[in-house]
Amino acid sequence: MALNNSIARSNAEWVRNIVNLQPDIAYCINTLNAAGYPEYWDNVIKPALDRQINDYPIAEETLNDIHDAMTELSGPEALPPTHSNIYILNIDNAFNLSDESFCCTALLLDPELEKKFRLDFLKVYTHENLHRLSVTDELMRRLDDLMADDFYRENENVARSHNEGRNEAFVVAAEVFISHKIGRRDASSVYDEFNEYVDGSLVLAPIIYVHLHEKQNGESFNDFIIRLFDNGTIKAGNVKAEYDKAMRRLKAVK
């Protein structure tokens, strides 16, 4: 960990907390090794994961389409020219790491679960990768000020009860926009996502989505959202009206 440049450059408190746990982490890893976990991984876990990965082929063209759409959305905020590394792990969720690697549960590769729960590996992949786009302190302050809006505050509290909220609405809007653009979501899926995801509590997401066609060339995603605040599209006292207008518009084309 001491040789990891990302860690050395970071001032994030949570990163420093992990660094401080280095002796404990080393003890746990050594104990796992001594207990024979490498052999268990090689003989039990990895073969099962390999089968699920191999049964879920992904076209390189699709990954290129996603990356190109994210790059266009990022504006002047340059993204690396390569795709994220993808790690399928024996876990229950999905997350993106600071080195642009994407980790997720093998459950996302199960076609039957995908149909039943509307889980979709590539949509989750797109979503988690969009967390790479930076969000400034200024924009986060604008979000905090929006808690003065009763409708936004009520829904934001619901979102936070699901461990979501704050800038998650930005990411959801961007994922739906990209997935629709490259043909992986239809109009019905767009509406349903905003209506159902986290109980429909990310009320800024459809507002941002319906205005994304107004994003200017060379404008970062962060600056685009700030412009929505500046021009009054997103402001305290007006969120419900804009949300209702956006949802009516999306429902009309569903």
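Author: Asp144 counts as partly exposed, at 39% relative accessibility; buried means under 20% relative accessible area, exposed over 50%, and partly exposed in between (1.4 Å probe, protein chains only). The model is predicted, so that local features need a pLDDT of at least 70 and side-chain atom pairs count only at pLDDT 80 or more, while totals for chains, interfaces and linings use all residues. Residues are numbered from 1 along each chain as its sequence is written, and side-chain values use heavy atoms, without hydrogens and water. The protein chain averages a pLDDT of 89, a per-residue confidence of the predictor from 0 to 100.

The whole structure holds 16 salt bridges, each a side-chain nitrogen of Lys or Arg within 4 Å of a carboxyl oxygen of Asp or Glu. In one of them, Asp144 meets Arg166 at 2.6 Å, N to O. Asp144 belongs to helix α8 and Arg166 to the loop between α9 (150–161) and α10 (168–181), so this pair links distant parts of the chain, 22 residues apart. Helices here are DSSP runs (H or I, at least four residues), numbered from the N terminus. Arg166 is also partly exposed, at 31%.

Within helix α8 (residues 137–145), Arg142 and Glu138 are four residues apart, about one turn of the helix. Their side chains form a salt bridge of 2.7 Å, N to O, and Glu138 is partly exposed at 30%.

Notes
Helices (H or I, at least four residues) and strands (E, at least two) are DSSP runs, numbered from the N terminus.
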